[in-house]
Amino acid sequence: MAEMWMDHWRQKLIESNLLEYQDIKDELNWIDGHTAREKADERAGLIAAMEHGLSWMFSQTKPHTGPLSPGCLLCGQGSWSCLFINGKCNCRCFYCPTSQDDLSVPTTNRLTFERAADYSDYVREFGFTGVSISGGEPLLTLDRTLDNIRTVRQKNGDGLHIWMYTNGTLLDQDTVLKLKDAGLSEIRFDLGAWDYRLDKLRLAVGHIPVVTVEVPAVPEDRDTLASLIPVLHDEGVNHLNLHQLRLTPHNSRFLKKRNYTFLHGERVTVLESELTVLYLLNRAVREGFRLPVNYCAFAYKNQHQRAANRKRNAPFIMKPYESLTENGFIRSLSFKGDAHAMQRNTEQLMAADSGRTLWQQPGPDRILFHPSLLGHLDLTACQVSVSYSEAMVSPALSYFNPFKEIRLGSGKKIYVEKQSRKKDIVIDREALTLFHQALTDQAPQAVPPECLEYERIRPGLTDYF
C-alpha cells in the first residue's frame, strides 16, 4: 500500500512539474527510468566510498565533512530567520532563481519590515537565535543592511548569531569594518558570481569571526572548485557550503541551454549538480582536505527549513489537545461512536484528565483528544480520524481561519493563522495500533501512507525519477 501511495505521489509531482514548465517541457532533458537507476547506483557508490569520512545530519539530508558553520546549525535546528534586505542584485548569474531587479522592502516569511526596530521585535517575539541578511545583494543598500544588523544585535544581545550573504563585488575594507562594528558574526561569499576571485574574500578574513564560501554546485566548475578547496583553507576560510542547482521559471531559459538532466520532485532540480557535490565531498575525504564541506541539498532545504517554519509558528495557535508532528504540522485526533461508546470513553477521559486540558467534546458524537490519551481509550466501537493544519504567519487576516494576533513592541501587528491542510483521514482499526506506536516513536515507519507527508520528514537525499 505504501509503495502504491509513493507511486501516486511521484506521478502527481511529475504532472505538476510538466504543467509548470509546459511551454518548454519538450526542450528539457528529463531523466528517464534507465538513467535514474544508473545514476542512483553511481550516487550510492560515491557515498559508500566515503563511509568513514562523511557525517550526516538532519534526517540524513545533509552530508558534510568537518563541522557545520554556526549559521548552518541554527538553520537545521529551526531557530533562524532570513531577512531579504532587498530584491536587487548587481550580478547576473545564470543560476539565480529570481529576477533580482527591485530594491523593495525588507521581507521575511511574507512579512515586510520597513523599520529595523520592528524586525528586531519580531526576532525576539519568535525566539530566534540566528538571523541572516540576504538579498538581492545586501551591499547595494548598505545603510539599510547596517541598520538592521546593528539594531537586531543591540535588542537581542551577543548570543544572537548574525550572518550575511554577498557576492562580494561591492566589498571594501571600510565596509568590512562597518559590518564588524555593527555586530556581524559570519559573512558568506558566492564566489561563483565573480569568477571565483578571492581578493574581496581576503578583506573579511581576520575581521569577521566566521568566513564561509557558499556557492551553487555548477557542474562545469567541478574541477575549479576541487582545486579551490585547499586554497580556501589556506586563505583562512572556515567553511564551504555547496548548493544543488534547481530550475525556476526565471532561470529556465538559461538552464535549458546547458546539457543538464532534470529531476522531478517538489521542485525541479539538476542531477549533475548533486553528483558534482558528491564528487567534491569524495575528493575532500580521499585527499584529506581540512576545509569543512557541507552539501545543502534541496531535500534538506525543502523539508527542514519549511518544517522549522511551521514549528516556530505552531505554539501561537495550537490547542492543548493537539500535537505537533515531526514535519511541523498540527495534528488533531478525534473519534466518533454510538452513545454507549461515547459515554464509556468520556468516563475514561475524565479519569485520566478531569480538567479536560488534553481533550474536548465539541458535540455529543465527537471528541478531540491528545495522542497521550490513546492508551486510556476503548476505540473498538469508534471511528478514529486525524486532521492536519499548518500555522502560517501573515501581515493581514484572511478571516477564513482561526488566528492569533501578535503585537510587536512598536505597535506593528502580525498574525498567525491556522490553515487546514487535510481533514479527517480515517485510521482503520487495523492501522490504529501501529499509528499509536508511530506517535510514541516505537515504530515511526508505521505511519499510514496518506499521513506520511504530514507526519514525517523523508530521510535521505531525494530519489531520482
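Student: Is Phe58 buried or exposed, and what is its relative accessible area?

Tutor: This is a predicted model, in which local features need pLDDT of at least 70, side-chain atom pairs count only at pLDDT 80 or more, and totals for chains, interfaces and linings use all residues. Residues are numbered from 1 along each chain as its sequence is written, and side-chain values use heavy atoms, with hydrogens and water left out. Buried means under 20% relative accessible area, exposed over 50% and partly exposed in between, with a 1.4 Å probe and protein chains only. Phe58 is therefore buried, with a relative accessible area of 14%.

Student: Where is Phe58 placed?

Tutor: Phe58 is not a glycine, yet its phi is positive, near 55°. Strands are DSSP runs of E with at least two residues, and helices are runs of H or I with at least four, numbered from the N terminus. Phe58 belongs to the loop between strand S1 (55-57) and strand S2 (62-65).

Student: What is the relative accessibility of Tyr196?

Tutor: Tyr196 lies in the loop between strand S10 (186-189) and helix H7 (199-204). Its phi is positive, about 60°, although Tyr196 is not a glycine. Tyr196 counts as buried, at a relative accessibility of 13%.

Student: Which residue's backbone oxygen does the side chain of His64 reach?

Tutor: His64 is found in strand S2 and is buried, with a relative accessible area of 5%. At 2.7 Å, the side chain of His64 reaches the backbone oxygen of Gly66.

Student: What is the omega of the peptide bond from Gly135 to Gly136?

Tutor: Gly136 is found in the loop between strand S8 (130-134) and helix H5 (142-156). The bond from Gly135 to Gly136 is cis, with omega near 10°.

Note on methods
A polar contact is a pair of N or O atoms within 3.5 Å; within protein, one must be able to donate a hydrogen and the other to accept it, and residues adjacent in sequence count only if both atoms are side-chain atoms.
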